[in-house]
Structure formats: structure tokens, C-alpha cells
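This report describes one protein chain for a reader who has the sequence and the structure at hand. Please keep both in view while reading.

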Amino acid sequence: MASIYSSKTRPFASYHSVTPCTRTHQIGALALVIITFFLTRIFDQSLNSSSFSTPTSGQYRSKNYVVRFSDSGGSIFWPQRGYGTHLSMKIYVYDENEIDGLKHLLYGRDGKISPDSCVKGQWGTQVKIHRMLLQSRFRTRKKEEADLFFVPAYAKCVRVMGGLNDKEINQTYVKVLSQMPYFRLSGGRNHIFVFPSGAGAHLFKSWATYLNRSIILTPEGDRTDKRDTSAFNTWKDIIIPGNVDDGMTTHGSRIVEPLPLSKRKHLANYLGRAQGKVGRLRLIELSKQYPDKLECPELKFSGPDKLGRKDYFEHLRNAKFCLAPRGESSWTLRFYESFFVECVPVILSDQAELPFQNVIDYSQISIKWPSTHLGTELLDYLESIPDKDIEEMIARGQKIRCLFAYTPESDSCSAFNAIMWELQRKVRQFHQSSETFWLHNRTIVNRNLVEFSKWKPPMPLP
């Protein structure tokens with residue numbers, strides 16, 4: 001069949017025969033491609049203000065890496081697929097004065113809870129992440145340009161210190177959320193909440209109703225031991241490291257320094273309370289049968305025999321393996337502490353979730369052992385591992401432990417920067433909810449056809 005265009009009417013036909021493609025044209029085009037390639041590489045590197053970078057497929061897929069480092073060895077690779085080539089998002093941090101009730105979640109009903117008291121201990125991430133975001137280059141003060149929204153709250157600390165009870169925490173969260181138009185706009189999908197303890201989001205009793213689409217930062221990936229529903233969702237939430245004592249994670253002098261393997265007294269240890277948990281009780285009983293191999297001292301947190309922070313870490317560093325059984329919840333701070341005293345962590349918690357699994361191969365730096373086999377079989381296995389293999393695991397752990405330290409954003413490797421990479425993966429171009437609608441002119445309206453700019457709190461919540 002003939003073309004629908006004749007030689008007279010074919011578009012641009014007359015231009016195709018004006019100037020033939022010569023060798024000079026070909027060389028010039030090739031040179032342009034090469035110059036564009038190198039300029040693009042330089043531009044991408046300048047944009048990547050974070051020291052984290054992304055690997056080629058060959059580098060990323062290599063099974064020889066416990067974590068993917070750049071050729072210089074100074075920066076850690078984050079996989080380009082799903083993350084991008086550099087960090088470039090904007091996060092709005094709600095101010096304590098703009099939302100009625102937010103101060104109660106930060107300082108208690110009477111405003112007497114000090115953030116400095118809350119930043120200590122294993123729940124300190126709720127304060128540290130908030131403080132770092134306030135000073136971060138990713139922070140924006142304009143809601144309309146934000147990719148994500150951070151809701152600060154020290155609810156776990158406030159509850160422990162008597163600032164709010166469970167009912168008050170629940171009521172205050174609901175009150176706070178009802179005053180956030182952008183939360184309503186996205187159904188909470190672009191809002192970030194930190195729940196730093198084993199209770200996870202269950203600290204907010206009505207989380208399943210209000211936060212079931214929000215991004216939750218928590219060290220706890222499982223709460224099915226007491227409840228039928230886990231608050232952690234693999235697809236939307238992010239596992240974060242627990243808060244290791246700053247005295248162990250800072251550069252320079254630390255509370256204690258690691259001991260050479262030859263000077264460690266025990267094969268393994270477990271430092272923690274029994275709490276009536278089967279696994280922990282089994283380890284304590286095992287230590288009584290094999291005291292030279294397994295140390296399980298009775299920890300006292302009050303009175304004249306109270307174990308101080310230095311004593312704790314001196315015990316922890318005195319074994320080749322640090323055992324980390326589950327307690328009230330699946331996660332345990334001892335797993336993260338192990339890397340800073342340089343003993344190999346042994347996870348004895350089947351449901352434990354670990355952070356940053358897209359960049360860390362945990363099988364090279366730790367051991368996970370079934371919690372149903374806590375007996376002599378475990379000790380025999382650990383004793384069979386050559387010191388050379390233990391030292392290699394410790395050396396690999398030294399490379400990645402910076403990802404478990406909440407050090408300043410300026411550090412080339414830190415928990416904060418790693419969390420930022422994971423958050424960037426959650427950024428969406430568009431947000432909607434069952435109560436959000438839009439018109440032909442891109443106007444966002446609610447069910448009553450009221451424009452978004454005119455939404456007034458308190459707004460109805462799910």
C-alpha cells in the first residue's frame with residue numbers, strides 16, 4: 001500500500017535531503033555525547049551533598065560486601081533503584097506552638113518533663129531525631145513545598161515519667177491530628193511518627209484507626225506476643241537502630257575500649273533482667289551450669305549494688321559473643337551495643353527486625369540462632385567457631401556500626417543519614433485519601449467541595 005503522504009506532502013521530506021550526514025558530523029555528535037556524559041557525572045556528584053552514594057549493579061550485587069562502600073571506602077552505597085542518586089527531599093517539622101496539645105506530648109500535661117531527661121536511655125531516639133531535623137538541611141518551613149511532615153512527640157518518656165497516662169496520650173494524639181490539614185489531605189501517608197520503645201505505635205492506643213497509613217519510625221518490628229495485630233508494616237514503616245549510649249558511639253575516648261579476644265574471660269554473655277521470659281530464664285539457668293563459658297550476672301538497677309553504665313559495658317566487652325534474647329518485645333538494645341564493645345551479637349529473638357537491610361548483610365556481622373534451641377547445643381556451636389572467623393566478623397561490624405550511631409548529620413556515616421535515605425524512598429509525587437477530591441483545574445477539595453486552603457480545624461478524622 002502506498003504511503004498516505006506523497007513526496008510533495010510528506011512532512012519534513014524536503015529537509016531530509018538538504019545536507020548529507022558526513023564523517024565530520026558523526027565525529028562532532030560523538031564528541032557532544034562524551035562531553036554531555038562527563039558534565040552529567042560532575043553535576044550529579046555535586047548534587048550529592050550526602051556522603052552516601054549509589055552503586056552500579058555489579059558493585060551492589062557482589063556478595064563479598066557486608067555493606068556497599070564506594071571505591072574510596074569512605075561512603076556507603078544506597079541502591080539507586082527506589083532511592084535515587086542523592087538526597088533531595090524537604091521535611092516540615094511541626095512547631096510545638098502551632099498545634100494545640102503538641103506540647104503535652106513533648107513535656108507532659110504540666111510542662112515539667114525535660115527533653116534532656118528524655119534523650120537518655122534506649123528511647124532517646126524520639127528526641128535525637130527531632131533535634132537533628134530541626135537543624136537539618138532537609139528541613140523546610142513551608143508546608144506547601146514539603147515532601148514529608150514530622151510530628152514530634154516524646155510520648156514514651158512522658159508516660160514513664162508520669163507526665164501523661166495512656167488515656168491522656170490517646171486523647172491528645174487525636175486532638176493534635178485533627179488540627180493538621182495536611183494530615184487530612186494525604187490520610188497521614190506523608191506524616192512521620194517516632195515510637196522508640198518495644199511498645200511501638202501501640203503506645204497510641206488508637207494507632208490502627210489514625211496512623212494505619214502513616215510512616216512509623218521504630219526499632220520494634222513485632223508486637224504480636226500480646227496483641228493479634230502488629231503495628232509495624234514492612235511496606236510503609238522504617239526500622240531504626242536503638243539509642244546506644246553516646247559515651248560508646250562518639251569519636252575519640254569512649255566509656256570502655258574493646259578487649260583483645262585472648263583477654264576475654266567468657267565465651268558468651270547475657271546482660272539483662274529475666275522478666276519472667278522463657279528464653280532469658282533458660283540462659284540464666286545455662287550460665288549456672290557452665291559459668292566459665294556463659295556469664296549472666298544478676299542486674300540490679302537500684303541500691304548499693306546497682307550496675308553503673310561503665311560496669312555494664314565492662315561486662316559486655318568481656319565475651320566473644322553477646323547474646324540478645326527477646327524480652328517484652330522482639331528487639332533488644334544489646335544487639336546494637338555489641339558492635340561498640342566489639343563482640344559478635346547472637347540474635348535469639350525469632351521475630352526481630354533489623355534496620356537498613358537494603359545495604360547491610362547481617363549474616364556477615366552477626367548470628368541468628370533459633371530461640372527454641374537455647375541449651376548446650378548453642379554453647380557448643382559458639383565454641384566451635386575459630387577466633388579468626390570471630391575477628392573477621394568483628395572487623396566487618398566495625399565498618400557498619402556508624403549506621404547505628406545518632407551522630408551529627410555532617411558525619412559521613414550515621415543513623416540519621418541512613419534514616420533520611422529510607423524516608424526518601426517514601427516520598428510521593430501525589431497524595432490522596434478517601435476524603436480528598438480534585439477538580440479539572442487541579443483544585444483540591446473535601447467531600448463538601450471546600451477548597452483545601454479553606455479547611456479549618458478541627459477536621460473530621462477516620
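Cys 343 is buried, because its relative accessible area is 3% (buried means under 20% relative accessible area, exposed over 50%, and partly exposed in between, with a 1.4 Å probe and protein chains only). Cys 322 counts as buried too, at 1% relative accessibility. The two residues form a disulfide with their sulfur atoms 1.8 Å apart; a disulfide is defined as a pair of cysteine sulfur atoms within 2.5 Å. Cys 322 lies in strand β9 (residues 319–325) and Cys 343 in the loop between α14 and β10 (344–348), so the bond ties together parts that are 21 residues apart in sequence. The link of Cys 322 and Cys 343 is left-handed, with -115 degrees about the S-S bond.

## Basis of the description

The model is predicted: local features need pLDDT of at least 70, side-chain atom pairs count only at pLDDT 80 or more, and totals for chains, interfaces and linings use all residues. Residues are numbered from 1 along each chain as its sequence is written, and side-chain values use heavy atoms, with hydrogens and water left out.

## The other disulfides

The whole structure holds 3 disulfides. Counted along the chain, the bonded cysteines follow the pattern 1-2, 3-4, 5-6.

Another of these bonds joins Cys 118 to Cys 157, with an S to S distance of 2.1 Å. The torsion about its S-S bond is about -80 degrees, so the disulfide of Cys 118 and Cys 157 is left-handed. This pair links distant parts of the chain, 39 residues apart: Cys 118 belongs to helix α5 (residues 115–118) and Cys 157 to helix α7 (residues 155–160). Helices (H or I, at least four residues) and strands (E, at least two) are DSSP runs, numbered from the N terminus. Cys 118 is buried at 1% relative accessibility, and Cys 157 is buried at 6%.

Cys 402 and Cys 413 also form a disulfide, and their sulfur atoms are 2.0 Å apart. With 75 degrees about the S-S bond, this link is right-handed. Both Cys 402 and Cys 413 lie in the loop between α16 and α17, so the bond ties together parts that are 11 residues apart in sequence. Cys 413 counts as buried, at 10% relative accessibility.

## Aromatic rings

A pair of aromatic rings is described by the distance of the centres and the angle of the planes. Rings of Phe, Tyr and Trp (its six-membered ring) pair if their centres lie within 6.5 Å; planes under 30 degrees apart count as stacked, over 60 as edge-to-face and the rest as tilted. The whole structure contains 20 aromatic pairs. In one of them, Tyr 312 and Phe 313 have ring centres 5.1 Å apart and planes at 80 degrees, so the pair is edge-to-face. Tyr 312 is buried, with a relative accessible area of 14%, and Phe 313 is buried with 3%.

Tyr 336 and Phe 404 form an edge-to-face pair as well, at 5.2 Å centre to centre and with 75 degrees between the planes. Tyr 336 is in helix α14 (residues 333–341), whereas Phe 404 is in the loop between α16 (387–400) and α17 (415–424), so the pair ties together parts that are 68 residues apart in sequence. Both Tyr 336 and Phe 404 are buried. Elsewhere, ring pairs link Tyr 92, Tyr 94, Phe 149, Tyr 182, Phe 452 and Trp 455 into a cluster.

## The parallel sheet

Strands of a sheet pair through backbone hydrogen bonds, either parallel or antiparallel. An open sheet of 5 strands has parallel pairing and the order β8-β7-β9-β10-β11; two strands pair if DSSP finds at least two bridges between them. The edge strands, β8 (294–295) and β11 (367–368), each pair on one side only. Strand β7 (residues 266–269) and β8 are joined in the parallel sense over 2 bridges. Leu 294 in β8 is the bridge partner of Ala 268.

## The chain as a whole

The protein chain has 17 helices and 13 strands. Of its 462 residues, 49% are buried. Its accessible surface comes to about 23,900 Å², of which 51% belongs to carbon and sulfur atoms (Shrake-Rupley method with a 1.4 Å probe; for residues, only the protein chains shown count as cover).
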